[in-house]
Amino acid sequence: ATIDLAGAESGQIDAVAAAIGEDADRVSAITNLSLTSAQDGVEMASLFGKVEDGSVAVDASGLGQAQLSQIVVDLAKVSGITNLTLSSDQTVAEMSALFGLYADDSATVAVDAAGMAQGQLDQLVTNIARVSGITNLSLDLTDGQEVVPSETADITTLLAKADGASVNASN
């Protein structure tokens, strides 16, 4: 059966995912799928398996690491993503893939930079035009303990988007 999920509530979407999980042949295709934080990573994987490429809208408000990781796995299925917040939970590759969902340089991705490593900070710099703001940015310039972007000039780029950043410049 082909299931049209236009306007479906989260409970209905979850029921379809459960049906696919019990017997994948029950559902041949899904149309008009929109995903939210109500679906976990396992449910998302089941649902993504039944949709066409470029057909799933994602509202990323409140999505956790496992959900965002599943979206990256099935990235070709996603038509667009809104309300995305990235954190240190995403790998550099995942961050790159998620930023890639934005076709233009509209600043719409929020970032919680707490605990981010150099590679993640570099990914923010690369996609800074897509970043709406950065919270919890902490840079450490202490010799041997550096947690900063690869290029010194990029520190200014990050600080320009940061709200209340912390910088340790002691030696």
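This is a predicted model: local features need pLDDT of at least 70, side-chain atom pairs count only at pLDDT 80 or more; totals for chains, interfaces and linings use all residues.
**Surface and overall build**

Residues are numbered from 1 along each chain as its sequence is written, and side-chain values use heavy atoms, with hydrogens and water left out.

Along the principal axes, the C-alpha atoms of the protein chain fill a box of roughly 65 × 30 × 20 Å. Of its 171 residues, 39% count as buried, where buried means under 20% relative accessible area, exposed over 50%, and partly exposed in between (1.4 Å probe, protein chains only). Taking contacts as heavy atoms within 4.5 Å, I find that 57% of those between residues at least 6 apart in sequence join residues at least 24 apart.

I then followed an open sheet of 3 strands, ordered β3-β4-β5 with parallel pairing, two strands being paired if DSSP finds at least two bridges between them. Its edge strands are β3 (34-35) and β5 (78-82), each of which pairs on one side only. Between β3 and β4 (residues 56-59) the parallel pairing runs over 2 bridges, and serine 34 stands opposite alanine 57 in β4.

**Charges and salt bridges**

Counting Lys and Arg as positive and Asp and Glu as negative, without His and the chain ends, and placing each charge at NZ of Lys, CZ of Arg, CG of Asp or CD of Glu, I have 5 positive and 24 negative charges, whose mean positions are 10 Å apart.

How many salt bridges does the rule give? The count comes to 2, a salt bridge being a side-chain nitrogen of Lys or Arg within 4 Å of a carboxyl oxygen of Asp or Glu.

- Arginine 26 is joined to glutamate 22, with the closest N and O atoms 2.9 Å apart; arginine 26 is partly exposed at 44% relative accessibility, whereas glutamate 22 is exposed at 61%.
- Aspartate 53 is joined to lysine 77, with the closest N and O atoms 3.7 Å apart. Aspartate 53 lies in the loop between α2 (41-48) and β4, and lysine 77 in the loop between α3 (65-73) and β5, so the pair ties together parts that are 24 residues apart in sequence. Aspartate 53 is exposed at 54%, but lysine 77 counts as buried at 18%.

Methods
Helices (H or I, at least four residues) and strands (E, at least two) are DSSP runs, numbered from the N terminus.
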